[in-house]
Amino acid sequence: MPIAAPALVPARAAGGVRTLPDLLRPGLDLVFVGINPGERSAQLGHYYAHRGNAFWRVLSESRLVASDVGPDDDRRLLACGIGFTDVVKRVQTDSTQVTDAELRAARPAFERRIAYSTPRAVCFTTTRAFDVLFPRVRASGAWGRQPVAIAGAEVWVMPSTSGRAAGYREEGRRVLAKLACALDGGRPR
C-alpha cells in the first residue's frame, strides 16, 4: 500500500498569495530546508530563484549533483533523490519578518513532511531556522552535521546562500562537500 502524503502545503496559501509547493517524496537522500519561500522564488515557482542567491552555484560545485543546476532544475532533482521544503510556508522576502514563534509553531507540520519523505539527511540552508527549532544545540559558527536527527535523518546546517550572506559561500561549499562524502561514503556521485 502506498504511503499517504501528509497534508502538503497547497500552491496558494492564505490570502491567495502563491507559495512554493513542497518538492518531497518518500525515499529521498537529502532534503534542503529554508526558513520560508521568498517572494521572487514564489513568483517564479522555484526554490532559491532570486538571482542574488548563490544556492544553485554552491550546489553545482558540490558532488551532490552530476552537473550544473539552477532553479529550473528543482523538480528534476526530486527524481535524483533531492527534495526541497521550508519550515514556514508563508511567502516573505525578508525572512527576518518570520518570527521565532512562527517557526516553532510550524515545527510539527515541518517534521511530518520530513517523516513523509524519509530522507537520509536534511540540510538547513539557514542557521536561524535550525537554531530556533533546536536551541542550544549548535555552537556559533559550527556548520555541518549536528548532534540531532529529524525522523531518523541526519541534520546538517550550512550558512545562508542569500546575497546578504555572500561572505559565507566558501563555508557553504565545505559543508556540502562533507555532506556529499557522508551520503556517498566519499564516492563521487
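**What the labels rest on**

Reply: Of the 189 residues of the protein, 48% count as buried. Buried means under 20% relative accessible area, exposed means over 50%, and partly exposed is in between (1.4 Å probe, protein chains only). This is a predicted model, where local features need pLDDT of at least 70 and side-chain atom pairs count only at pLDDT 80 or more, while totals for chains, interfaces and linings use all residues. Residues are numbered from 1 along each chain as its sequence is written, and side-chain values use heavy atoms, with hydrogens and water left out.

Me: How many helices and strands are there, and in what order do they run?

Reply: The protein has 6 helices and 5 strands. Both are DSSP runs numbered from the N terminus: helices are H or I with at least four residues, strands are E with at least two. From the N terminus on, the order is β-α-α-α-β-α-β-α-β-β-α.

Me: What share of the contacts joins residues 24 or more positions apart?

Reply: Taking contacts with a separation of 6 or more, 71% are between residues 24 or more positions apart. A contact here means heavy atoms within 4.5 Å.

Me: What makes Y48 buried or exposed?

Reply: Y48 has a relative accessible area of 11%, so Y48 is buried, given the under 20% rule. Its phi is near 55°, a positive value in a residue other than glycine. You'll find Y48 in the loop between helix 1 (39-44) and helix 2 (55-60).

Me: And which class does A151 get?

Reply: A151 sits at 48% relative accessibility, so A151 counts as partly exposed. A151 also has a positive phi, near 50°, and isn't a glycine. Its loop is the one between strand 4 (144-150) and strand 5 (153-157).

Me: Why is the pair D74 and R75 called a salt bridge?

Reply: The label needs a side-chain nitrogen of Lys or Arg within 4 Å of a carboxyl oxygen of Asp or Glu. In D74 and R75 the closest N and O atoms are 3.2 Å apart, and the two form a salt bridge. D74 is buried, at 0% relative accessible area, whereas R75 is partly exposed at 37%. The whole structure has 15 salt bridges.

Me: How do you know that D131 and R138 qualify?

Reply: Their closest N and O atoms are 2.8 Å apart, and D131 forms a salt bridge with R138. Here D131 is partly exposed, with a relative accessible area of 27%, and R138 counts as buried at 15%.

Me: Where do E171 and R174 lie?

Reply: Both are in helix 6 (residues 169-184), 3 residues apart, about one turn of the helix. Salt bridges that share partners join E61, E170, E171, R173 and R174 into one network. In general, an α-helix has 3.6 residues a turn, so residues three or four places apart point the same way. E171 and R174 form a salt bridge with closest N and O atoms 2.8 Å apart. E171 is buried at 19%, while R174 counts as partly exposed at 41%.

Me: What do the buried residues of helix 6 pack against?

Reply: They pack against strand 1 (30-34), helix 2, strand 3 (121-124), strand 4 and strand 5. Among those buried residues are V175, L176, L179 and L183.
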